[in-house]
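This briefing goes through one structure by topic. The structure and its sequence come first, followed by a question and the points grouped under headings.

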Amino acid sequence: QVQLVESGGGLVQAGGSLRLSCAASGRTFSRYAMGWFRQAPGKEREFVAAINRSGSSTYYADSVKGRFTISRDNDKNTVYLQMNSLKPEDTALYSCAADEYYPLRGMDYWGKGTLVTVSS
């Protein structure tokens, strides 16, 4: 069992930056690939970024490529999402998730999310 808790969301102006964190419980964090997803109001949840178990490989949605960076610290059981050059369309509830497989296939565990609001 893995429990995930996100933090770092908030209100930011367009062009600004935020760093999201996702802290995992348990000693099995390094066994999972991790992903960030987001769901904007009235829209379906969409993939944002993923990272493999060691942190040596990542991939991103086209909409965030070059602006967002996913990373992880297995000693701290934490995965991060650095978000730069934020746009109003990045406004969403951001959730992290753990997957046994990489590339991601189907997420095994989910956090409840942290809200990001980007004002124009």
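Leaving aside neighbours within four places in sequence, which residues is Ser95 in contact with? They are Glu6, Gly35, Trp36, Phe37, Trp110, Gly111, Lys112 and Gly113. The model is a predicted one.

**Ser95**
- Ser95 is placed in strand β9.
- Its relative accessible area is 8%, under the 20% limit, so Ser95 counts as buried.

**Nonpolar cores**
- The largest nonpolar core has 31 residues, and those that touch the most other members are Leu4, Met34, Trp36, Val79, Leu81, Met83 and Tyr94.
- At least two residues of this core come from each of β3 (18-24), β4 (33-39), β5 (46-51), β7 (68-73), β8 (78-83), β9 and β11 (114-119).
- Another core, of 6 residues, lies apart from it; Ala33, Ala50, Ala97 and Leu104 are among its members.
- Met83, beyond its neighbours within four places in sequence, is in contact with Gly16, Ser17, Leu18, Leu20, Arg67, Phe68, Tyr94 and Val116.

**Aromatic pairs**
- The count of aromatic pairs comes to 5.
- Tyr32 and Tyr109 have ring centres 5.8 Å apart and planes at 80 degrees; the angle is over 60 degrees, so this pair is edge-to-face.
- This pair links distant parts of the chain, with Tyr32 in the loop between β3 and β4 and Tyr109 in strand β10, 77 residues apart.
- Tyr32 and Tyr109 are both buried.
- For Tyr59 and Tyr102 the ring centres are 5.6 Å apart and the planes stand at 55 degrees, so the pair is tilted.
- The Tyr59–Tyr102 pair also links distant parts of the chain: Tyr59 belongs to strand β6 (residues 58-60) and Tyr102 to the loop between β9 and β10, 43 residues apart.
- Tyr59 is partly exposed at a relative accessible area of 27%, and Tyr102 is likewise partly exposed, at 25%.
- Phe37, Phe47, Tyr59, Tyr102 and Trp110 form a cluster linked by ring pairs.

**Charges over rings**
- Arg45 lies over the face of Trp110, 3.7 Å from the ring centre; Trp110 is also one of the residues in the ring cluster.
- Arg105 has its charged end over the ring of Tyr101, 3.9 Å from the centre of that ring.
- Arg105 is in the loop between β9 (92-99) and β10 (109-110).
- With a relative accessible area of 66%, over the 50% limit, Arg105 counts as exposed.
- From C-alpha to C-alpha, Arg105 and Asn52 are 12 Å apart in space, and 53 residues separate them in sequence.

**Backbone**
- Tyr102 and Pro103 are joined by a cis peptide bond, with omega about -5 degrees.
- Pro103 is placed in the loop between β9 and β10.
- Asn77 is not a glycine, yet its phi is positive, at about 55 degrees.
- Asn77 lies in the loop between β7 and β8 and counts as buried at 18% relative accessibility.
- Ser85, also a residue other than glycine, has a positive phi near 50 degrees.
- Ser85 lies in the loop between β8 and β9 and is partly exposed, with 40% relative accessibility.

Methods: Residues numbered from 1 in each chain as written. Predicted model: local features only at pLDDT ≥ 70, side-chain atom pairs only at ≥ 80, totals over all residues. Heavy atoms only, no water. Helix = DSSP H or I, 4+ residues; strand = E, 2+ residues; numbered from the N terminus. Buried < 20%, exposed > 50% of the residue type's maximum accessible area, 1.4 Å probe, protein only. Contact = heavy atoms within 4.5 Å. Core = buried A, V, L, I, M, F, W, Y, C linked by side-chain atoms within 4.5 Å. Phe/Tyr/Trp six-rings, centres within 6.5 Å; stacked < 30°, edge-to-face > 60°. Lys NZ or Arg CZ within 6 Å of the ring centre and 35° of its normal.
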